[in-house]
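Here is a short briefing on one predicted model.

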Amino acid sequence: MASGTIRYWAAAKAAAGTAEEPWRAGTLAEALEAARERHADRPEFARVLARSSFLVDGRQVGSGDHAGVVLRDGGTVEVLPPFAGGAR
């Protein structure tokens, strides 16, 4: 299992109440689920996460199955909510 940093931007930062935090997971799906659990007391966080896009180590990750996105030790996950417009 790898560990790294998850960074939240814009509305994701506000919803999480923090700019970044550590993750420990094998896949992006596991890291995001752990983040949802950590912020279960902040219902807006799950809503923002559901409509966000993600960068893993600077590479854009599509909206497909995040269980197939393997994370590397020391890696960075960026959570990018829609900045203007987008789904609500």
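Ala 25 lies in strand E2 (strands, E, of at least two residues and helices, H or I, of at least four are DSSP runs, numbered from the N terminus). At 1% relative accessibility, Ala 25 is buried (buried means under 20% relative accessible area, exposed over 50%, partly exposed in between, with a 1.4 Å probe and protein chains only). This is a predicted model, in which local features need pLDDT of at least 70 and side-chain atom pairs count only at pLDDT 80 or more, while totals for chains, interfaces and linings use all residues. Residues are numbered from 1 along each chain as its sequence is written, and side-chain values use heavy atoms, with hydrogens and water left out.

**Around Ala 25**
- Setting aside neighbours within four places in sequence, Ala 25 is in contact with Met 1, Ala 2, Glu 30, Ala 31 and Leu 71 (contact means heavy atoms within 4.5 Å).
- Ala 25 and Arg 72 are 47 residues apart in sequence, yet 9.0 Å apart in space, C-alpha to C-alpha.

**Sheet**
- Five strands form an open sheet, ordered E2-E1-E5-E3-E4, with mixed pairing (two strands pair if DSSP finds at least two bridges between them).
- E2 and strand E4 (59–61) stand at the edges with a single partner strand each, so one side of each has no neighbour in the sheet.
- From one strand to the next, the twist averages 30 degrees (axes are lines fitted to C-alpha atoms, for helices over the stretch in contact, and angles run from 0 to 180 degrees between N-to-C directions).
- E1 and E2 run antiparallel and are joined by six bridges.
- Ile 6 has Glu 21 as its bridge partner in E2.

**Helix H2**
- H2 lies across E1, E2, E3, E4 and E5, at about 125 degrees to E2.
- Leu 28, Ala 31, Leu 32 and Ala 35 are buried in H2.
- Seen down the axis of H2, its buried residues fall within an arc of 95 degrees, so they line one face of the helix (the arc is that of the directions from the helix axis to the C-beta atoms).
- The cover over these buried residues includes E1, E2, H3, E3, E4 and E5.

**Nonpolar core**
- The largest nonpolar core has 22 residues, and Tyr 8, Trp 23, Leu 28 and Leu 71 touch the most other members (such a core is a set of buried Ala, Val, Leu, Ile, Met, Phe, Trp, Tyr and Cys residues joined through side-chain atoms within 4.5 Å).
- At least two residues of this core come from each of E1 (2–8), H1 (11–16), E2 (20–25), H2 (28–38), H3 (43–50), E3 (53–56) and E5 (76–80).
- H2 gives the most, with four residues.
- Not counting residues up to four places away in sequence, Tyr 8 touches a set of residues including Ala 35, His 39, Phe 45 and Val 79.

**His 39**
- His 39 sits in the loop between H2 and H3.
- His 39 is buried, with a relative accessible area of 9%.
- Beyond four places in sequence, His 39 touches Tyr 8, Ala 16, Glu 21 and Phe 45.
- His 39 and Ala 15 are 24 residues apart in sequence and 8.7 Å apart in space, C-alpha to C-alpha.

**Ser 52**
- Ser 52 is in the loop between H3 and E3.
- Ser 52 counts as buried, at 12% relative accessibility.
- A polar atom of the Ser 52 side chain lies 2.7 Å from the backbone oxygen of Val 48.
- Leaving aside neighbours within four places in sequence, Ser 52 is in contact with Val 79, Leu 80 and Pro 81.

Key: A polar contact is a pair of N or O atoms within 3.5 Å; within protein, one must be able to donate a hydrogen and the other to accept it, and residues adjacent in sequence count only if both atoms are side-chain atoms.
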